[in-house]
Amino acid sequence: MTIKHPEGMDFSYKDNRTEYEIFFDLMYANYLQEKHDNNESKDILSKTDYFENNQRFLLTKFKEEA
């Protein structure tokens, strides 16, 4: 069975996040993985707390990699 899509419609995935938001999400995922690898699951920061505590570091690192 073939599904026909209306002409002129784009059904591809578009990531609407900024480059910094993508970078931050990757850094937070790495932080969570590191905590998991080191069995430090009791003191994991929320995404908001991680951002607030590391904002200067994240911005500096983002500028270095850009």
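Guide: Lysine 63 is placed in helix α2, which covers residues 47-65. Please keep in mind that this is a predicted model.

Visitor: Is lysine 63 buried or exposed?
Guide: Lysine 63 counts as exposed, because its relative accessibility is 59%, and the cut-off for exposed is over 50%.

Visitor: How many residues apart in sequence are lysine 63 and glutamate 19, and what is the C-alpha to C-alpha figure?
Guide: They are 44 residues apart in sequence, and their C-alpha atoms lie 11 Å apart in space.

Visitor: Turning to the other lysine, where is lysine 35 found?
Guide: Lysine 35 belongs to helix α1, residues 19-37.

Visitor: And does lysine 35 count as buried or exposed?
Guide: Lysine 35 counts as buried, because its relative accessibility is 13% and buried means under 20%.

Visitor: Which residues is lysine 35 in contact with, leaving aside neighbours within four places in sequence?
Guide: Its contacts are Glu40, Ser41, Asp43 and Ile44.

Visitor: New topic: which residues make up the largest nonpolar core?
Guide: That core has seven residues: Phe23, Phe24, Met27, Tyr28, Tyr31, Tyr50 and Leu58. Helices α1 and α2 each supply at least two of its residues, and α1 gives the most, with five.

Visitor: What does leucine 58 touch, not counting residues up to four places away?
Guide: Leucine 58 touches Tyr20, Phe23, Phe24, Met27, Tyr50 and Phe51.

Visitor: Stepping back, how many helices and strands does the protein chain have?
Guide: The protein chain has two helices and zero strands. Its radius of gyration is 18 Å, well over the 11 Å from the globule rule for 66 residues, so the chain is more spread out than a compact globule. The C-alpha trace spans about 50 × 30 × 20 Å along its principal axes.

Visitor: What share of the residues counts as buried?
Guide: Of the 66 residues, 12% count as buried. The chain exposes about 6,100 Å², of which carbon and sulfur atoms supply 52%.

Visitor: What part of the contacts with a separation of 6 or more comes from residues 24 or more positions apart?
Guide: Such residues account for 42% of those contacts in the protein chain.

Visitor: Finally, how many positive and negative side chains are there?
Guide: There are 9 positive and 14 negative side chains, and the centres of the two sets lie 1 Å apart.

Conventions. Residues numbered from 1 in each chain as written. Predicted model: local features only at pLDDT ≥ 70, side-chain atom pairs only at ≥ 80, totals over all residues. Heavy atoms only, no water. Helix = DSSP H or I, 4+ residues; strand = E, 2+ residues; numbered from the N terminus. Rg over C-alpha atoms; globule rule 2.2 N^0.38 Å. Buried < 20%, exposed > 50% of the residue type's maximum accessible area, 1.4 Å probe, protein only. Contact = heavy atoms within 4.5 Å. Areas by Shrake-Rupley, 256 points an atom, 1.4 Å probe, with all protein chains shown as cover. Lys, Arg positive; Asp, Glu negative; His and termini not counted. Charge placed at Lys NZ, Arg CZ, Asp CG, Glu CD. Core = buried A, V, L, I, M, F, W, Y, C linked by side-chain atoms within 4.5 Å.
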